[in-house]
Amino acid sequence: MRLFAREVGSSAPAIVFLHGFGGSHGAWRAVADALADEHRTIAYDLPGHGRSLHWPDAGPPKVAVGAVFSDLDARGIRKAHFVGHSMGGAIAALAAIGQPDRVASLTLLAPGGFGEEINGPLLRRYAAARSAAEIRDCLEAMSGPQAVIGDETLREAVEIRAIRGQTEKLVEIAAAITRNDRQGAISRESLSALPMPVAVAWSREDGVLPYSQVEKLPPHFVLHTVKGKGHLLPQEAPGQVADIIRRTIGGAALESPEQRVV
(Lines give C-alpha, C1' and ligand atoms only; values in the text may rest on other atoms or scores of the structure.)
Protein backbone atom coordinates (compact mmCIF):
# COMPACT_ATOMS: atom_id res chain seq x y z
CA MET A 1 0.00 0.00 0.00
CA ARG A 2 0.97 3.63 -0.47
CA LEU A 3 -0.16 6.56 1.64
CA PHE A 4 -2.14 9.13 -0.28
CA ALA A 5 -0.30 12.41 -0.73
CA ARG A 6 -0.77 15.65 -2.61
CA GLU A 7 2.57 16.53 -4.19
CA VAL A 8 3.27 20.03 -5.56
CA GLY A 9 6.59 21.44 -6.71
CA SER A 10 9.73 19.63 -7.78
CA SER A 11 12.75 21.44 -6.36
CA ALA A 12 14.88 19.70 -3.75
CA PRO A 13 14.90 19.45 -0.82
CA ALA A 14 11.45 18.04 -0.13
CA ILE A 15 9.10 19.16 2.63
CA VAL A 16 6.83 16.59 4.29
CA PHE A 17 3.53 17.85 5.78
CA LEU A 18 1.67 15.87 8.45
CA HIS A 19 -1.84 17.02 9.41
CA GLY A 20 -3.61 16.95 12.76
CA PHE A 21 -6.28 14.59 14.08
CA GLY A 22 -9.36 14.40 11.88
CA GLY A 23 -7.65 16.35 9.09
CA SER A 24 -6.20 15.52 5.71
CA HIS A 25 -3.66 16.71 3.16
CA GLY A 26 -6.04 19.58 2.38
CA ALA A 27 -5.15 21.34 5.63
CA TRP A 28 -1.79 22.22 4.05
CA ARG A 29 -3.00 23.40 0.66
CA ALA A 30 -2.30 27.13 1.13
CA VAL A 31 1.01 26.53 2.96
CA ALA A 32 2.29 23.97 0.46
CA ASP A 33 1.29 26.11 -2.52
CA ALA A 34 3.19 29.06 -1.01
CA LEU A 35 6.36 26.93 -0.85
CA ALA A 36 5.97 24.90 -4.04
CA ASP A 37 8.10 27.25 -6.15
CA GLU A 38 11.01 26.60 -3.80
CA HIS A 39 10.53 22.97 -2.75
CA ARG A 40 8.98 19.63 -3.55
CA THR A 41 6.04 19.53 -1.11
CA ILE A 42 4.36 16.28 -0.04
CA ALA A 43 1.21 16.57 2.09
CA TYR A 44 -0.03 13.22 3.34
CA ASP A 45 -3.31 11.74 4.41
CA LEU A 46 -2.05 9.95 7.52
CA PRO A 47 -3.08 6.35 8.28
CA GLY A 48 -6.72 6.17 9.34
CA HIS A 49 -7.57 9.45 7.60
CA GLY A 50 -9.07 10.34 4.23
CA ARG A 51 -7.66 8.35 1.33
CA SER A 52 -5.30 6.51 3.70
CA LEU A 53 -8.21 5.37 5.86
CA HIS A 54 -7.63 1.65 5.39
CA TRP A 55 -3.93 1.58 6.21
CA PRO A 56 -3.32 -1.58 8.29
CA ASP A 57 -3.36 -1.05 12.08
CA ALA A 58 -3.85 2.72 11.67
CA GLY A 59 -3.96 4.73 14.87
CA PRO A 60 -0.68 4.46 16.82
CA PRO A 61 1.90 7.13 15.96
CA LYS A 62 4.60 4.52 15.31
CA VAL A 63 2.45 3.08 12.50
CA ALA A 64 2.23 6.54 10.92
CA VAL A 65 5.98 7.09 11.26
CA GLY A 66 6.72 3.80 9.52
CA ALA A 67 4.18 4.50 6.78
CA VAL A 68 5.66 7.93 6.02
CA PHE A 69 9.22 6.66 5.84
CA SER A 70 8.15 3.74 3.64
CA ASP A 71 6.45 6.14 1.26
CA LEU A 72 9.48 8.43 1.15
CA ASP A 73 11.62 5.40 0.32
CA ALA A 74 9.28 4.59 -2.57
CA ARG A 75 9.66 8.15 -3.82
CA GLY A 76 13.44 7.93 -3.61
CA ILE A 77 13.68 10.55 -0.86
CA ARG A 78 16.29 9.82 1.78
CA LYS A 79 16.06 13.09 3.75
CA ALA A 80 13.39 15.79 4.00
CA HIS A 81 12.21 18.71 6.08
CA PHE A 82 9.29 17.68 8.30
CA VAL A 83 6.35 19.91 9.24
CA GLY A 84 3.64 18.64 11.57
CA HIS A 85 0.52 20.06 13.17
CA SER A 86 -1.04 18.76 16.42
CA MET A 87 -1.12 14.94 16.13
CA GLY A 88 1.02 15.30 13.01
CA GLY A 89 3.49 17.31 15.07
CA ALA A 90 3.87 14.41 17.50
CA ILE A 91 4.37 12.03 14.58
CA ALA A 92 6.97 14.34 13.01
CA ALA A 93 8.83 14.63 16.32
CA LEU A 94 8.83 10.85 16.78
CA ALA A 95 10.10 10.42 13.23
CA ALA A 96 12.98 12.78 13.99
CA ILE A 97 13.75 11.01 17.26
CA GLY A 98 13.71 7.58 15.63
CA GLN A 99 15.63 8.45 12.46
CA PRO A 100 17.31 11.84 12.92
CA ASP A 101 19.53 11.33 9.89
CA ARG A 102 16.43 11.47 7.67
CA VAL A 103 14.97 14.72 9.04
CA ALA A 104 16.71 17.89 7.85
CA SER A 105 14.62 20.25 9.99
CA LEU A 106 11.51 20.10 12.12
CA THR A 107 8.70 22.66 12.24
CA LEU A 108 6.04 21.80 14.82
CA LEU A 109 2.73 23.66 15.03
CA ALA A 110 0.95 23.22 18.38
CA PRO A 111 2.35 19.69 18.47
CA GLY A 112 0.86 16.79 20.34
CA GLY A 113 2.92 15.03 22.96
CA PHE A 114 4.53 18.08 24.57
CA GLY A 115 2.49 17.63 27.74
CA GLU A 116 -0.31 15.46 29.05
CA GLU A 117 -3.12 18.05 28.96
CA ILE A 118 -5.49 17.84 25.99
CA ASN A 119 -9.07 18.90 25.31
CA GLY A 120 -10.41 15.36 25.11
CA PRO A 121 -14.12 16.23 25.06
CA LEU A 122 -13.70 18.53 22.05
CA LEU A 123 -11.64 16.02 20.08
CA ARG A 124 -14.08 13.21 20.80
CA ARG A 125 -16.97 15.44 19.76
CA TYR A 126 -15.11 16.31 16.55
CA ALA A 127 -14.45 12.63 15.88
CA ALA A 128 -18.16 11.80 16.11
CA ALA A 129 -19.40 14.83 14.14
CA ARG A 130 -21.10 13.96 10.86
CA SER A 131 -23.15 16.92 9.66
CA ALA A 132 -21.69 20.13 8.27
CA ALA A 133 -23.16 22.06 11.20
CA GLU A 134 -21.57 19.74 13.78
CA ILE A 135 -18.20 19.85 12.04
CA ARG A 136 -18.29 23.64 11.70
CA ASP A 137 -19.11 23.99 15.40
CA CYS A 138 -16.08 21.89 16.33
CA LEU A 139 -13.74 23.71 13.94
CA GLU A 140 -14.89 27.06 15.34
CA ALA A 141 -14.17 25.81 18.87
CA MET A 142 -10.65 24.88 17.75
CA SER A 143 -10.02 28.22 16.05
CA GLY A 144 -9.23 31.69 17.32
CA PRO A 145 -12.03 34.10 18.21
CA GLN A 146 -11.79 36.01 14.93
CA ALA A 147 -11.44 32.99 12.66
CA VAL A 148 -13.85 32.29 9.83
CA ILE A 149 -14.15 28.65 8.73
CA GLY A 150 -13.65 28.71 4.97
CA ASP A 151 -16.03 26.92 2.64
CA GLU A 152 -13.24 24.74 1.26
CA THR A 153 -12.08 23.72 4.74
CA LEU A 154 -15.62 22.72 5.70
CA ARG A 155 -16.28 20.97 2.40
CA GLU A 156 -13.14 18.84 2.70
CA ALA A 157 -14.00 17.89 6.28
CA VAL A 158 -17.52 16.86 5.26
CA GLU A 159 -16.21 14.85 2.29
CA ILE A 160 -13.80 12.95 4.53
CA ARG A 161 -16.63 11.98 6.91
CA ALA A 162 -18.62 10.68 3.94
CA ILE A 163 -16.03 7.92 3.38
CA ARG A 164 -17.44 4.66 4.68
CA GLY A 165 -15.86 3.81 8.04
CA GLN A 166 -14.14 7.18 8.53
CA THR A 167 -16.20 8.43 11.46
CA GLU A 168 -15.90 5.09 13.25
CA LYS A 169 -12.11 5.14 12.81
CA LEU A 170 -11.85 8.70 14.11
CA VAL A 171 -13.89 7.79 17.17
CA GLU A 172 -11.51 4.88 17.79
CA ILE A 173 -8.39 7.03 17.41
CA ALA A 174 -9.81 9.85 19.54
CA ALA A 175 -10.58 7.45 22.37
CA ALA A 176 -7.00 6.16 22.26
CA ILE A 177 -5.25 9.54 22.18
CA THR A 178 -7.47 11.20 24.83
CA ARG A 179 -7.80 8.35 27.32
CA ASN A 180 -8.72 9.81 30.73
CA ASP A 181 -8.47 13.22 29.04
CA ARG A 182 -4.70 12.88 28.92
CA GLN A 183 -2.33 12.31 26.02
CA GLY A 184 0.98 10.51 25.90
CA ALA A 185 3.97 12.81 26.38
CA ILE A 186 7.27 12.71 24.52
CA SER A 187 10.19 12.91 26.93
CA ARG A 188 12.04 16.22 27.03
CA GLU A 189 15.29 14.22 27.02
CA SER A 190 14.44 12.74 23.61
CA LEU A 191 13.52 16.16 22.25
CA SER A 192 16.67 17.74 23.66
CA ALA A 193 18.80 15.21 21.78
CA LEU A 194 17.45 16.21 18.37
CA PRO A 195 20.37 17.50 16.26
CA MET A 196 18.45 19.29 13.51
CA PRO A 197 16.99 22.85 13.52
CA VAL A 198 13.65 22.78 15.34
CA ALA A 199 10.96 25.46 15.49
CA VAL A 200 7.76 25.36 17.52
CA ALA A 201 4.78 27.63 16.77
CA TRP A 202 1.87 28.00 19.19
CA SER A 203 -0.96 30.37 19.96
CA ARG A 204 -1.74 31.50 23.49
CA GLU A 205 -5.43 31.11 22.58
CA ASP A 206 -5.11 27.43 21.63
CA GLY A 207 -8.19 25.62 22.93
CA VAL A 208 -7.02 22.09 22.17
CA LEU A 209 -3.44 21.92 23.43
CA PRO A 210 -2.49 24.61 25.97
CA TYR A 211 0.26 27.12 25.23
CA SER A 212 1.77 26.30 28.63
CA GLN A 213 3.23 23.17 27.04
CA VAL A 214 5.99 25.33 25.56
CA GLU A 215 7.51 25.54 29.03
CA LYS A 216 10.97 24.00 29.33
CA LEU A 217 11.50 23.55 25.61
CA PRO A 218 15.03 22.40 24.78
CA PRO A 219 17.33 25.43 24.55
CA HIS A 220 18.01 25.06 20.81
CA PHE A 221 14.31 25.10 19.90
CA VAL A 222 13.03 28.41 18.52
CA LEU A 223 9.58 29.38 19.77
CA HIS A 224 7.22 31.40 17.58
CA THR A 225 4.22 32.74 19.49
CA VAL A 226 1.44 33.34 16.97
CA LYS A 227 -0.91 36.11 18.04
CA GLY A 228 -4.69 36.11 17.72
CA LYS A 229 -5.09 32.57 16.37
CA GLY A 230 -6.30 29.26 17.75
CA HIS A 231 -5.25 25.66 17.27
CA LEU A 232 -5.70 25.37 13.49
CA LEU A 233 -2.57 27.28 12.50
CA PRO A 234 -2.15 25.82 8.98
CA GLN A 235 -5.59 27.14 8.01
CA GLU A 236 -5.73 30.24 10.24
CA ALA A 237 -2.27 31.63 9.45
CA PRO A 238 -0.90 29.96 6.30
CA GLY A 239 1.33 32.89 5.34
CA GLN A 240 2.90 33.07 8.78
CA VAL A 241 3.34 29.32 8.88
CA ALA A 242 5.07 29.32 5.48
CA ASP A 243 7.41 32.04 6.71
CA ILE A 244 8.27 30.07 9.86
CA ILE A 245 9.04 27.01 7.73
CA ARG A 246 11.32 29.08 5.49
CA ARG A 247 13.20 30.41 8.52
CA THR A 248 13.60 26.94 9.97
CA ILE A 249 14.81 25.43 6.71
CA GLY A 250 17.20 28.34 6.36
CA GLY A 251 18.78 27.51 9.67
CA ALA A 252 17.08 30.18 11.79
CA ALA A 253 16.50 27.63 14.54
CA LEU A 254 20.25 27.37 14.98
CA GLU A 255 20.41 30.91 16.34
CA SER A 256 20.37 31.67 20.04
CA PRO A 257 16.88 30.73 21.22
CA GLU A 258 14.49 33.59 21.71
CA GLN A 259 10.75 34.01 21.80
CA ARG A 260 9.45 35.46 18.55
CA VAL A 261 6.03 36.99 18.15
CA VAL A 262 4.68 36.80 14.61
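**Figure 1. Salt bridges in the predicted model.** The structure holds 18 salt bridges, and the model in which they are found is a predicted one.

**Figure 2. Close-up of the salt bridge between Glu7 and Arg75.** The closest N and O atoms of Glu7 and Arg75 are 2.5 Å apart. This pair links distant parts of the chain, with Glu7 in strand S1 (residues 5–8) and Arg75, 68 residues apart from it, in the loop between helix H2 (61–74) and strand S4 (80–85). Glu7 has a relative accessible area of 35%, and is therefore described as partly exposed.

**Figure 3. Close-up of the salt bridge between Glu156 and Arg29.** In this pair, the closest N and O atoms are 2.6 Å apart. Glu156 is buried, with a relative accessible area of 12%, whereas Arg29 is partly exposed, with a value of 22%; the two fall into separate classes because buried means under 20% relative accessible area.

**Figure 4. Close-up of the salt bridge between Asp243 and Arg247.** Here the side chains meet with a distance of 2.9 Å from N to O. Both residues lie in helix H10 (residues 238–249), where Asp243 and Arg247 are 4 residues apart, about one turn of the helix. Asp243 is partly exposed, with a relative accessible area of 31%, and Arg247 is also partly exposed, with a relative accessible area of 26%.

Methods: Residues numbered from 1 in each chain as written. Predicted model: local features only at pLDDT ≥ 70, side-chain atom pairs only at ≥ 80, totals over all residues. Heavy atoms only, no water. Salt bridge = Lys/Arg side-chain N within 4 Å of Asp/Glu carboxyl O. Helix = DSSP H or I, 4+ residues; strand = E, 2+ residues; numbered from the N terminus. Buried < 20%, exposed > 50% of the residue type's maximum accessible area, 1.4 Å probe, protein only.
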